[in-house]
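Thanks for coming, everyone. Let me put the structure up, and then we'll walk through it piece by piece.

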Amino acid sequence: MGRLLFKGGTVVDPSQGINGVYDVLIEGERVVKVEKNIDSVEAETVIDVCGLTLTPGFIDLHSHLRDPGQEWKEDIESGSNAAVAGGFTSVCCMANTDPVNDNPTVTRYIIEKAQKIGLCDVFPIGAITKGLKGEELAEIGLMVKAGIVAISDDGETPKDSKVLRNAMDYARSLGIPVFTHSEDKSLSAGGHMNEGPLSSLLGIPGMPPEAEDIGTMRDILIAKLTGAHIHVCHVSSRGALQIIESAKQEGVRVTCEITPHHFTLTEDAVREFNTNAKMCPPLRTEEHVEACRNALKTGVADAIATDHAPHSEDEKLVEFCQAPFGIIGFQTALPLSLNLVREGYLTLEQLVEKLSVNPAKIIRKGDIGTLKPGARANITVFDPEEEFTLTKDLIKSKSFNTPFLNQRLKGAVKFTVYSGKIVYKSV
Amino acid sequence: MEHLLSAEEITPEVFGEIYQTAQSVKRALREGRKKFSVLRGKCVVNLFFEPSTRTRSSFEKAGKFLSADVINISTSTSSVKKGESLVDTLKNLDMMHPDVIVLRHPCEGAPYTAKPFVRAAIVNAGDGRHQHPTQALLDAATLKEHFGTLEGKRITIVGDIANSRVARSDAILFKKLGAEVFVYGPSTMMPRYPEAMGVKVLKSFDDVCDVSDAVILLRIQLERLNAKKTFPSIREYAELFGLNRERLKKLKPETVILHPGPFNRGVELTNDVVVSDRTLIFNQVEMGLAVRMVILSLMCNRLEKLKEEV
């Protein structure tokens, strides 16, 4: 393969302290160098990226690709297309497929299908327990050999603390993190939105933030007990963030992620019973949203992850209390995250840390999340100023379940480069 | 008004007009005039996804007295998941050209889900724990009839407030009409954010007796009590939160008592309350019919015709 030179872009790569106008030269699947004024003769192809921002490819720690088993919502191909359109060159996918990814056969199916499609890395997350039932441990070791990067039962984190303890003990020995959807489901049972002033007004049963706080506390205590690396998914409550912060200060191996919707929207988005704003954990009140933004700012939150959760229009076009939880997120992550930069919560370097550098560390991938020489040539190129309207036509996912549908967003992906190939280019 | 989905939509002016017309309707009914041509050629569908006798028959009578064609459809909710979706049911129904769809549904917001897909006017006859605006109208009208105004009145709703669409609707409308609204009941049945509903939580039945110009008792859903783990037993509820002879005496002499019905004797209230001259429970039923006749006329843009005929 030939040499490709990106010329004149603003390169932001916190992994090597780069932020400025640089040129990026890649060859084959790898980065050759990032330097000022690389001579065009060094490359066969030169792409002018003046005025654009160029960063290590984004890595999403949390998505649902619905493949195998629920391909009417999404499959690995449509999911990959949506991911790269959002600037993601790597996505981790949760195990709640059908069949569940609780064995190496399903793991290999996902990886092989994704490789055949070849648009981005798809890193499967294996189940903690067989069938996500919270009882028997899944074949975690065999799945690690097959390529999982973490284990999680996502929304079904084992209620049985002994099961979770064993899983964490085991995960520690295998060198992988445990991703938890931390929630005391007995406290939030029957809820369909945040328990807040709006749920009191609407009469919809609420899910109190305290359910998340309690779950987070338990899961972190078990991580502390076992010495495992716990990664708390989609944190949405101020209390949980405080718990994570103090655990970090104590030296517990804890990381966490926040979704763009949780740092952008309040519970007010469901006022008109919009099922496309229904997700779990639910959108909360301004004090929690503000806590999420500040946690990203101070570093309590390590990553921005989408929790991309496609559901078909048919499934969402139902009564609020019957609609499934979840919204899509690949193509809205960048513009919503850039809002945090524009509002002064994050520097551009921090943004790239949350979307690329830190996620790579959390799943222990050394050659992504960076543009150091020899790293994989995974690059996201975007125009932070370009505005667009998120129409159905632009959405690459099979599903359109997002509260941002038909809204103006600012910050557009221009090129996505995966292993040296341009896999997405905006027209 | 295009639809009636929430008490939020009712302004004091609209309420005033509904009240005046309902008064005329009541007079006519009491004179034995029960057939009007106001809605001749109009079709009203009562679509009930939840069991109801009172509200459904009240709407049915209201439509029939006004000469509308009335169709009643009752669907059990258990088939909803497997069968046709709410939206498709409504779209199909709408092709039969109803003018008004009176919708009751166990899910909060169901009429909002349905609204974009129908041309007919939707009247919310109760959506889960959310709203029941005609109940609020009839409660407010009953109180206005008794007191002359709701301005400055202190009204207390007693019972399972957190799960009550009646409490939510009443509180919103009463406040718009200048009343102060309080709630009381087991703490497990109070909303976490009462201020969001515009109500204040009272601490004891003595407080209820001290402050209230009117007390609205809510039906305790016996079948839900233990399942929801919100209260230990019926007899404990009756003892601690029911209105009985003793508490009746503690109320201010001018305080009146309402109940949306159907009431559980010996639970929310005892026979002393039912037979007391302070109860407006049966006035509510009559007012309910009159108010619903007004609302159906309003939905069909025939309010003026109703006023002429009654």
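In what order do the five strands of the open sheet in chain B run? The order is β7-β6-β5-β8-β9, and the pairing is parallel. Two strands pair if DSSP finds at least two bridges between them. Helices (H or I, at least four residues) and strands (E, at least two) are DSSP runs, numbered from the N terminus.

A word on the model before we go on. This is a predicted model: local features need pLDDT of at least 70, side-chain atom pairs count only at pLDDT 80 or more, and totals for chains, interfaces and linings use all residues. Residues are numbered from 1 along each chain as its sequence is written, while chains are lettered from A and ligands numbered from 1 in the order in which they are written.

β7 (200-201) and β9 (256-258) of chain B stand at its edges. Each has a single partner strand, so one side of each is left without a neighbour in the sheet. Strand β6 (residues 180-184) of chain B pairs with β7(B) in the parallel sense, over two bridges. Val183(B) has Val201(B) in β7(B) as its bridge partner. Helix α6(B) packs on this sheet. There α6(B) touches β5 (154-158), β6 and β8 (214-217) of chain B, and its direction makes about 155° with that of β6(B). Axes are lines fitted to C-alpha atoms, for helices over the stretch in contact, and angles run from 0 to 180 degrees between N-to-C directions. Contact between two residues means that their C-beta atoms, placed from the backbone, lie within 7 Å.

Now the helix pair. Helix α5 (residues 133-147) of chain B packs against helix α6 (residues 165-176) of chain B at an angle of about 55°, with the axes 8 Å apart. That makes α5(B) oblique to α6(B). The cut-offs: under 35 degrees is roughly parallel, over 145 roughly antiparallel, 65 to 115 roughly perpendicular, and the rest oblique. On the α5(B) side, the residues that meet α6(B) are Pro133(B), Gln135(B), Ala136(B), Asp139(B) and Ala140(B). Their counterparts in α6(B) include Val166(B), Leu173(B) and Phe174(B). By class, this contact has seven nonpolar, two polar and two charged residues. Here Ala, Val, Leu, Ile, Met, Phe, Trp, Tyr, Cys and Pro count as nonpolar, Asp, Glu, Lys and Arg as charged, and the others, Gly among them, as polar.

Next, domains. Their bounds come from an automatic or database domain assignment. Chain B has domain 1 (7-132 + 285-309) and domain 2 (133-280). Their C-alpha centres are 25 Å apart. The contact takes 24 residues from domain 1 of chain B and 22 residues from domain 2 of chain B.

Over to chain A. It divides into domain 1 (3-54 + 376-425) and domain 2 (62-362). Here the C-alpha centres lie 26 Å apart. In contact are 29 residues of domain 1 of chain A and 37 residues of domain 2 of chain A. On the domain 1 side, β17(A) gives the most, with six residues. β17(A) is also joined to β16(A) by eight bridges, running antiparallel. One of the bridge pairs is Glu387(A) with Lys410(A) in β17(A).

Last, how many residues does each chain bring to the contact between chains A and B? Chain A brings 17 residues and chain B brings 20 residues. The chain A side has ten nonpolar, four polar and three charged residues.
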